[in-house]
Amino acid sequence: MAQVNKSPKKVGAGNDKKIRDLNPPRVFTTANEFDKYAALAVNAIKIECTDPAIKFGYLEERFIKQQLVFTNYVGYDRLINMWAKAYAYGLNDYWQAKTVTFVFPNRKGYTRELSYEPNPIGAYLIQGYPGNITLASIIQKATDTMQICDSAIIQNLEASKTPHYVLVKDEDTRLSLEQAIQQRQAGKPVIVVDETLGDCMKGVPNLTEFVVPQIYEFRTSVRNDLLNELATMTANTNKRERVQVGEVNAMVGLCEDHIYSLIDNVERQFKEYDLPFKISLNTSLEELYYNSINNNDNNPEETDEYV
């Protein structure tokens with residue numbers, strides 16, 4: 001019987017697949033405008049636990065803030081001291097939600113009756129904005145407008161790349177004209193002796209209006225308004241003179257009114273339900289406000305450029 005030669009098995013070959021299986025897939029994503037400003041929104045507030053006996057760290061805080069930003073609601077079960085996604089049902093005598101279903105990361109949940117007063121085993125539904133609106137929807141509207149502006153800017157730039165159209169009578173004229181255009185682009189003088197070629201070089205003007213500056217200015221105003229919603233003041237790039245202290249203070253007040261409509265509402269619920277948590281602003285807005293006042297006591301007419 002003829003002997004069949006088998007190729008030797010490579011050392012460690014049997015483990016290669018197992019090693020490869022252990023490597024997680026590398027997924028790369030490109031953040032869009034919404035993701036960028038949503039991250040600013042989450043970072044604009046800070047939540048702390050005042051009871052050292054309760055486990056509360058980065059993961060718990062991030063979950064609460066994400067729920068408040070994206071859904072405007074987050075659930076807290078004091079019986080087990082855990083936060084969860086919350087889905088409310090029914091109405092009580094005050095037209096508030098009567099029951100709530102808590103859903104946890106393992107996709108399991110249960111339904112409890114909501115509490116609206118201090119209760120050591122109560123179930124609570126914490127609301128962000130005092131209305132049917134989410135901070136995410138505000139961000140989405142602004143970033144959608146900004147992306148339309150970006151598209152319009154690109155389209156206008158593309159349309160402006162062709163300064164004029166040229167009509168030629170024959171192939172020889174086309175070749176001569178191409179050579180003349182290349183010389184002009186290279187910075188060389190173009191001497192035309194042919195009347196036909198000279199007429200062609202006048203071209204047919206492209207009447208596309210260059211509106212990039214106007215679109216960009218509008219986009220910047222939308223961006224600045226959104227940043228103010230997120231308690232972020234923006235630098236003054238238009239006014240060259242120094243801005244009055246009153247203007248700065250007014251803008252600080254506007255930014256605070258936006259973000260504190262959420263902060264104050266959440267803080268009121270923490271206190272009303274006697275929950276061991278507190279929420280605060282996590283930006284330099286208030287520090288800027290107090291520094292602006294202290295640094296301009298001797299010169300109340302002007303301050304740094306902010307809008």
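Trainee: What should I keep in mind about the model before reading residue values from it?

Mentor: This is a predicted model, in which local features need pLDDT of at least 70 and side-chain atom pairs count only at pLDDT 80 or more, while totals for chains, interfaces and linings use all residues. Residues are numbered from 1 along each chain as its sequence is written, and side-chain values use heavy atoms, with hydrogens and water left out.

Trainee: Why is R268 called exposed?

Mentor: The relative accessible area of R268 is 58%, and exposed means over 50%, buried under 20% and partly exposed in between, with a 1.4 Å probe and protein chains only; R268 is therefore exposed. This residue lies in helix α8, residues 245–272, where a helix is a DSSP run of H or I with at least four residues, a strand is a run of E with at least two, and both are numbered from the N terminus.

Trainee: What makes the contact between E272 and R268 a salt bridge?

Mentor: A salt bridge needs a side-chain nitrogen of Lys or Arg within 4 Å of a carboxyl oxygen of Asp or Glu, and for E272 and R268 the N to O distance is 3.8 Å. The two residues are four apart in helix α8, so about one helical turn separates them. E272 has 42% relative accessibility and therefore counts as partly exposed.

Trainee: Which residues line the largest pocket, and what makes a residue part of that lining?

Mentor: A pocket is found on a 1 Å grid over the protein atoms alone, as an open set of points with protein on both sides within 12 Å along at least five of seven lines, and a lining residue has an atom within 4 Å of a point. The residues that line the largest pocket are Y73, Q96, A97, Y116, L125, Q127, N265, R268, Q269, E272 and Y273. Two or more of the lining residues come from each of β6 (123–127) and α8, and α8 gives the most, with four residues. The volume of this pocket is about 330 Å³, a volume being the space filled by probe spheres set on the points, which are joined across faces, edges and corners.

Trainee: Where do the partners R219 and D150 lie?

Mentor: R219 forms a salt bridge with D150, the closest N and O atoms being 2.6 Å apart. This pair links distant parts of the chain, with R219 in helix α7 (residues 212–229) and D150 in helix α4 (residues 135–159), 69 residues apart. R219 counts as buried because its relative accessibility is 12%, and D150 counts as partly exposed because its relative accessibility is 27%. Salt bridges that share partners join E33, K36, D150 and R219 into one network, and a search of the whole structure finds eight salt bridges.

Trainee: Why is L79 called exposed?

Mentor: The relative accessible area of L79 is 51%, so L79 is exposed. This residue lies in the loop between β2 (73–77) and β3 (82–91).

Technical notes. 1 Å grid on protein atoms, 1.4 Å probe; cavity = no way out; pocket = protein on both sides within 12 Å on 5 of 7 lines; lining within 4 Å.
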